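Please read it with the coordinates open.

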Amino acid sequence: MSLALIVLFVGFGLLIGILFGFFGMGGSFLVTPALLVMGYDANVAVGSGLAFVFGTSVIATLKHRDLGQVDYKLGILMIAGTTAGIEVGKVGLEYLQHIGLAGSVVSVAYVLLLGGIGVFVTYEAMKGSGGGIDHDVDEDADLEDEEIPEIAQKIQSYNVPPMISIRGGFKVSLWMVLAVAFATGVLSGFLGVGGGFIRMPALFYLIGVPVPVAVGTDLFEIVFSGGIGSFLYAQSGAVNLGIVVPLLAGSALGARVGAGATNLVNEEDIKVYFGVMLLLGAIAVAVREIGGLLEMPVLDVVSLAIILGAALLVSGAVVYSGVTMLRENASASPPTAD
Amino acid sequence: MIGGGSLTASVDAGMLIGAVLLEAIILYIGYGAAEQLFGEPVVNRIKNN
């Protein structure tokens, strides 16, 4: 492997690490298409992408843990519900494959879901009513009702025992958590994707988990899904350490920066960036699917350029917002004499 | 019953994923140490610029 390629992978890893640490999504979304365009076999692109996601999620989860932003109990419940949901989603996918409609239905559903969640999250953040939760994730700190999205308030109001405490200072029925996890798992299994872009907003909008904790808990779940996925691909020799090692060297730093930024950047801004990332992702996936339909490989490159451009733009905005907030905080709290 | 070939493949896969995990932990500790050393000066520099 040439030095230029190693530098490219480290830089690319840094970019993805920032997004991954900040949003709890975006790993395989970005890496796998890039490796495919670079000429790697599909199974190596997917397997190495999953191994990279696994390593990055370990680092990002550890960093979020340092910031008190991981709810392990919620994460384990989410893993249980999501795993069951994925199995059901896979059955739906197999049925569509049987009747020959899988490709088109999954593509359209994926684009609509990405775009739909992107529009919803951006709209809610711009409107400012989707929850202006601050970064206080103290387990004992109660959130004001107006800070919790309406659907989450409704779900929290169902008093079906056993009730469990969630980081952020509220209780919710265990069955509601499992139901939300199951629903996100069905979508994840049906679309054949990791599902970070579904789970993170689901944790916030449906259960009412503060955004930084939703990101940290989502990453905790990805440690397990990424680990199992990459193990399965590694059994067939589809994980290339020559790709994973330099990508991880970059993403380890990026994940620290991204995770640290969730503690600085305004929560509404996090949602806007997340929504914009998903919208641009939806456009990129749509372009790639159209390229496949029209048998125009050039559209694969256009799709990748849109995704990389979006990643560069959004990670740049994250770093810029973090630096700006750091300066604003410094000027708002003048040094005190001891 | 697990065949010898699949067991070897599983052990190899486990070692490979273990290597990725080890790299992740080493990087986390390494960058953490770098953050301890250089984090505050960098943050102060950003605040004062």
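**Notes on the model**

1. With 7 C-beta neighbours inside 10 Å, E295(A) counts as exposed; the classes are buried for 20 or more other C-beta atoms within 10 Å of the residue's own, exposed for 12 or fewer, and partly exposed in between, with C-beta atoms placed from the backbone. E295(A) sits in the loop between α11 (267-293) and α12 (298-332) of chain A. Its phi is near 55°, a positive value in a residue other than glycine. Helices (H or I, at least four residues) and strands (E, at least two) are DSSP runs, numbered from the N terminus.

2. On conventions: this is a predicted model, in which local features need pLDDT of at least 70 and side-chain atom pairs count only at pLDDT 80 or more, while totals for chains, interfaces and linings use all residues. Residues are numbered from 1 along each chain as its sequence is written, and chains are lettered from A and ligands numbered from 1 in the order in which they are written.

3. Strands β1 (residues 163-166) and β2 (residues 170-173) of chain A form an antiparallel pair with 4 bridges; pairing requires that DSSP finds at least two bridges between the strands. I164(A) is opposite V172(A) of β2(A), and S165(A) is opposite K171(A) of β2(A). The hairpin has 3 residues between the strands, and G168(A) there has a positive phi near 125°.

4. Helix α3 (residues 42-66) of chain A packs against helix α9 (residues 211-235) of chain A at about 145°, with the axes 7 Å apart. Axes here are lines fitted to C-alpha atoms, for helices over the stretch in contact, and angles run from 0 to 180 degrees between N-to-C directions. The crossing of α3(A) and α9(A) is left-handed, meaning that the near helix is turned anticlockwise from the far one by less than a right angle. By class, this contact has 14 nonpolar, 10 polar and no charged residues. For these classes, Ala, Val, Leu, Ile, Met, Phe, Trp, Tyr, Cys and Pro count as nonpolar, Asp, Glu, Lys and Arg as charged, and the others, Gly among them, as polar. Residues of α3(A) in the contact include G47(A), F54(A) and A60(A); those of α9(A) include G226(A), G227(A) and G229(A).

5. Leaving aside neighbours within four places in sequence, G21(A) is in contact (C-beta atoms, placed from the backbone, within 7 Å) with A60(A), K63(A) and G254(A), among others. G21(A) and S251(A) are 230 residues apart in sequence and 9.0 Å apart in space, C-alpha to C-alpha.

6. S188(A) lies in helix α7 (residues 174-191) of chain A and is buried, with 23 C-beta neighbours inside 10 Å. Not counting residues up to four places away, S188(A) touches residues including T82(A), G85(A), V193(A) and I198(A).

7. Chain B has 1 helix and 0 strands, and buried residues make up 14% of its 49 residues. An unreviewed UniProt entry lists residues 13-31 of chain B as "transmembrane region"; such positions are given in the numbering used here, feature names are shortened, and annotations may be inferred rather than shown by experiment. That span is 100% helix and 0% strand, with its end C-alpha atoms 27 Å apart.

8. At the interface, 18 residues of chain B are in contact with 24 residues of chain A. The chain B side divides into 13 nonpolar, 2 polar and 3 charged residues.

Definitions and conventions. Contact = placed C-beta atoms within 7 Å.
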